[in-house]
Amino acid sequence: MDLLRVLVATAPYAAIFVVSYCLLIGLYRSLFHPLNRFPGPITARFTDFYSVFFAAQTILHRRTRQDHLKYGPVIRHGPNKLVFNSVSALQEAIYQNDGVTKSRAYLVSQRAPDKYSLWNALDQNLHRSKRKIVGQVVSDRSMRAFEPTMIEQVDIFIHQILLASQVDTPVNVAERCKWLGMDIVGHLSFAFPLNLQTDPLYRFIIKSAATANYFLNINMQMPPLALLRAELFIYLRAVMRGKSYLRTIQKMIKTRLAKDTHAEHDFYSFVADEMVISKDDSIWNSEIWSEAIFFLTADEIRAAFDSGASIRNGPRLASCSYLRACFDEALRMSPPITGTLWRQQAVHRGDSEPLVIDGHIIPHGTQIGVNIYSLHHNEEYFPRPFEYIPERWLPGHPEYEMTNRNAFAAFSVGPRGCAGKPMAYLEASLVIAKTLWYFDFEEIVDNTKETGQLSDDQANEYQLNDIVVSTHDGPWLKFFPRPTCETSPSMEKS
Ligand code: HEM
């Protein structure tokens, strides 16, 4: 009762304190903040809720581009944030600059205070040592050893499409690719057969991972929001329904720990000797846990591939330049990571060495970045940005001359660029090559359109939802087996 009385008595003072604090912060941000000289939306000047608002609608990438069109190549997108839309910021000033590191916003993905994954390790030395280990997993040699498993999974994908075509059923390609991607990464990480393609048991993890990424994206825009732990309610509900993503990963790790370290050719066999791994329940706080979470969600990215190019399979896969051009153009228009990859000046630089980006001196502590979607739709680098033109990537074509391919950032660049790039290309090449070899297809529903405020240009583009990695639905395709199918091993399974 006493406590209640104290609370009631102090409430007005607390309210006055909060309002005064907000007013003072507002006054400082509008009049004295060193970023005031940069243009941008008024709301973003005062609060990160501006980005949170659009992130919650999964359209922050589109909004950022619109803001660039309105305010120019450098915009203030939060009280302490600047977004750049130039090749020089991408290639020199930010992502390949030793004096710049990942932003502290990445720490919202930490599982335990002193545990870092490759993705959220800000310290450059720690990152280098982690990257070395993961580099072994996705190296060319390792990928060659893993390829038979990958092909096996791709063959299941083809077989499932055949089954659908035999009963005249259209296929949601995004959904199938997500299942395939997750099955492959289950084998790659802990040699665990998730079998999403053939068995619905674990399919819930796709949705769970998307929910986790949705909240991650919002929290990264305004890190204090992570303290609210809004995602906990969703996790709790999943646990109660017996469909917990985290519990599934725990099961995968435990199953793997029960086997001999080098019994399988997977991620675990590489990291086991480097990390202290406990076989009891404290697995939740272990280093392997942090890495596993990252590995499993990163793979969702691969579901974004869709291409209509005609290609050939086999040893010449790597030399199929048109296939590669089609991939790159799809990745340009619909990058699997659409957002701004936030960075900040590294602490070791100290205040004495100013960071200069595109001629602007950047105050220490400012969050800086390039928005991949905006850069990929910058007309200066990619004329007619909303048109799918693979010839931009093929020497000898006029479009090639007019394109600045240095502005391509689907895998980011520099030491924090994508470690899985060769694997992503290999997997996508195999899937598309095999699918086109065995099937003709037609689109059933037009998935490019979406309700909402889209410009005419945008309406012609395949619509993505930005949740750190972008998600989408469809296309819905109806497949027709080609005569070549009859002799294929994967078809014989039917
Ligand atoms: C089309 C598919 C893919 C795209 C477009 C893509 C894109 C990216 C991008 C843009 C980053 C930088 C993220 C940041 O700075 O916050 C990244 C990081 C990373 N990606 Fe990928 N990725 C793809 C597939 C994969 C696959 C298949 C794997 C692994 C099997 C993978 C592993 C990684 C890793 C380990 C990092 C962190 C690198 C580091 O911080 O050192 N990616 N990826």
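**Close-up views of a predicted model**

**View 1. How confident is the predictor in this chain?** In this predicted model, the mean pLDDT of the chain is 82, and 82% of its residues reach 70 or more. Where pLDDT is low, the predicted coordinates should not be read in detail. For the complex, the predictor reports an ipTM of 0.97 and a pTM of 0.85.

**View 2. Helix α7 meets helix α17.** Here you can follow α7 (residues 140-166) and α17 (residues 421-438), whose axes come within 10 Å and cross at roughly 35°. The crossing is right-handed. On the α7 side, look for residues including M143, M150, V154 and F157; their partners in α17 include M423, L426, L430 and Y438. The residues of this contact divide into 13 nonpolar, 1 polar and 3 charged.

**View 3. The largest nonpolar core.** This core has 98 residues. Which of them touch the most other members? They are L90, I94, I357, V370, A407 and A409. Helix α8 (residues 173-190) supplies the largest share of the core, with 9 residues. In soluble globular proteins, nonpolar side chains tend to be buried together.

**View 4. The surroundings of V370.** Leaving aside neighbours within four places in sequence, V370 is in contact with V83, F84, N85, A89, L90, I94, T340, L341, L375 and A409. You have already met L90, I94 and A409 among the core residues that touch the most other members.

Key
Residues numbered from 1 in each chain as written. Predicted model: local features only at pLDDT ≥ 70, side-chain atom pairs only at ≥ 80, totals over all residues. Axes fitted to C-alpha atoms, helices over the stretch in contact; angles between N-to-C directions. Helix = DSSP H or I, 4+ residues; strand = E, 2+ residues; numbered from the N terminus. Left-handed = near helix turned anticlockwise from the far one by under 90°. Contact = placed C-beta atoms within 7 Å. Nonpolar A, V, L, I, M, F, W, Y, C, P; charged D, E, K, R; others polar. pLDDT = per-residue confidence, 0-100. Core = buried A, V, L, I, M, F, W, Y, C linked by C-beta atoms within 7 Å. Buried ≥ 20, exposed ≤ 12 C-beta atoms within 10 Å, placed from the backbone.
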